[in-house]
Amino acid sequence: MSLMMILMVLLMPFCGAFEVMIPLHINAMLVGMPAGMLSTLPSLALFDVTLGGTVIGFFVALQVYLSNKRLTEL
Amino acid sequence: MKSKKQSYDRVAKFFDFLRKGDMRRWNIHQKSLFENLSGEVLYIGIGTGLETVNFPADLKITAIDISAAMLKQSKTRAKSYPGKINLCLMDAESSAFRDHSFDSVVTVCVLCSVKHPVACLEEIKRVLKPEGKLVMYEHVLSKNPLYAIALKTMSNLTEFLEGTYLDRDTVCNAEKAGFKIFSHKNVYLDIVKALIAKPI
C-alpha cells in the first residue's frame with residue numbers, strides 16, 4: 001500500500017490522477033496483498049512471487065485499458 | 001477538516017504541477033465540450049485558470065472561485081484569453097448573481113469539491129436562463145464495484161487533504177436539482193465525464 005502511494009504521487013503529474021489511481025489500487029488490492037502474504041511462505045522463492053505478481057499486474061492493467069476503451073467508445 | 005478555502009489556498013502553489021498529467025489528457029475533450037458555450041458564461045471554480053486555453057475565443061466569461069490564492073494565480077491566464085474574463089471571489093453555493101443571468105454555466109471538477117452538491121446545482125439553476133446550458137466536466141463514482149472501491153478508499157484521503165470527494169454521483173445530483181442530462185460522454189472509464197444539462 002505504501003509503495004502504491006509513493007508510485008501514485010510520482011506518476012500522477014505525468015500520467016493523470018485517475019489513470020494512475022485506478023490500476024495501482026486494483027494491483028495493490030488484488031496482487032500486492034496476496035503477493036505479500038505468499039512471500040512469507042518459505043517454500044516459495046521471492047522471484048516466483050514477484051514474477052507471478054508482475055504477470056497478474058500486467059493483466060489487471062490490460063483489463064483497465066480495455067475497459068476504458070469500451071466505456072469511452074460508447 | 002480544513003475549510004475549502006484554506007485547502008485550496010494551500011494547494012494553489014503546486015496545483016498546476018499536480019494537474020499537469022490530467023490537463024495533457026483532458027485538453028482535447030474539454031475543447032470539444034466547451035464548443036457548446038455561448039453568450040454570457042459563468043465559469044465556476046476557475047482555479048489557476050488551466051482550462052481557459054480550452055475555451056472558444058470571444059466569450060464573455062464571469063469566473064468565480066472560493067480561493068483568493070487560486071484567483072491570484074489565474075490572473076495571467078485570464079488576461080491572455082482572447083475574450084473577456086472577469087474574476088470574482090465567490091462561493092458557488094451562494095453566489096451574488098441575479099436570477100437567470102447567464103446563458104451557459106461551466107463547472108470543471110467543482111461538484112466533487114463543494115460541500116453540498118445538490119444545493120450548488122440548485123444555485124446554478126437559479127442563475128442560469130431557462131433555455132441555458134450547464135456544461136460539466138466532472139469525475140464521479142464508477143458503477144464498476146472494483147473501481148468504486150478504489151475511489152471510495154482514495155476519497156477518504158483526498159477529503160482529508162483538500163476536501164475533494166471521489167464518490168459523488170453528479171449525474172443523479174443534477175437530476176435531483178432539476179436538470180435533464182442531454183449529452184453524456186465518458187472521458188476516462190465511467191469516472192471522468194463530459195456532461196451537458198438543461199434546466200427542466
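The side chains of Arg25(B) and Glu19(A) meet in a salt bridge, at 4.0 Å from N to O, where the term requires a side-chain nitrogen of Lys or Arg within 4 Å of a carboxyl oxygen of Asp or Glu. The count between chain A and chain B is 1 salt bridge. This is a predicted model, in which local features need pLDDT of at least 70 and side-chain atom pairs count only at pLDDT 80 or more, while totals for chains, interfaces and linings use all residues. Residues are numbered from 1 along each chain as its sequence is written, chains are lettered from A and ligands numbered from 1 in the order in which they are written, and side-chain values use heavy atoms, with hydrogens and water left out.

**Interface of chain A and chain B**

- Chain A and chain B bury about 2200 Å² between them, with 71% of it on carbon and sulfur atoms; buried area is the accessible area (1.4 Å probe) that two parts lose on being put together, summed over both.
- On the side of chain A, the residues that lose the most area to chain B are Pro13(A), Phe18(A) and Glu19(A), which together account for 29% of what that side buries.
- The contact (heavy atoms within 4.5 Å) takes 24 residues from chain A and 25 residues from chain B.
- Across this interface, 6 residue pairs are in polar contact, both residues being at pLDDT 80 or more; a polar contact is a pair of N or O atoms within 3.5 Å, of which, within protein, one must be able to donate a hydrogen and the other to accept it, and residues adjacent in sequence count only if both atoms are side-chain atoms.
- Helix 1 (2-15), helix 2 and helix 3 of chain A each supply at least two residues of the side that touches chain B, and helix 2 gives the most to that side, with 10 residues; helices (H or I, at least four residues) and strands (E, at least two) are DSSP runs, numbered from the N terminus.

**Nonpolar cores**

- In the largest nonpolar core, which has 46 residues, Phe18(A), Ile22(A), Phe55(B) and Ile61(B) touch the most other members; helix 2 (residues 17-38) of chain A gives the most to this core, with 8 residues.
- Such a core is a set of buried Ala, Val, Leu, Ile, Met, Phe, Trp, Tyr and Cys residues joined through side-chain atoms within 4.5 Å, where buried means under 20% relative accessible area, exposed over 50% and partly exposed in between (1.4 Å probe, protein chains only).
- A second, separate core of 25 residues includes Ile64(B), Val105(B), Leu111(B) and Leu134(B).

**Lys193(B)**

- Lys193(B), found in strand 7 (residues 192-199) of chain B, is buried yet has no salt bridge, and the nearest side chain of opposite charge, Asp190(B), is 5.5 Å away; Lys and Arg count as positive and Asp and Glu as negative, whereas His and the chain ends are not counted.
- The side chain of Lys193(B) makes a polar contact of 2.8 Å with that of Asn186(B).

**Positive phi in residues other than glycine**

- Asp58(B) has a phi near 65° and lies in the loop between strand 1 (40-44) and strand 2 (60-65) of chain B, where Asp58(B) is exposed, with a relative accessible area of 67%.
- Cys109(B) has a phi near 50° and lies in the loop between strand 4 (102-108) and helix 4 (117-127) of chain B, but Cys109(B) is buried, at 15% relative accessible area.
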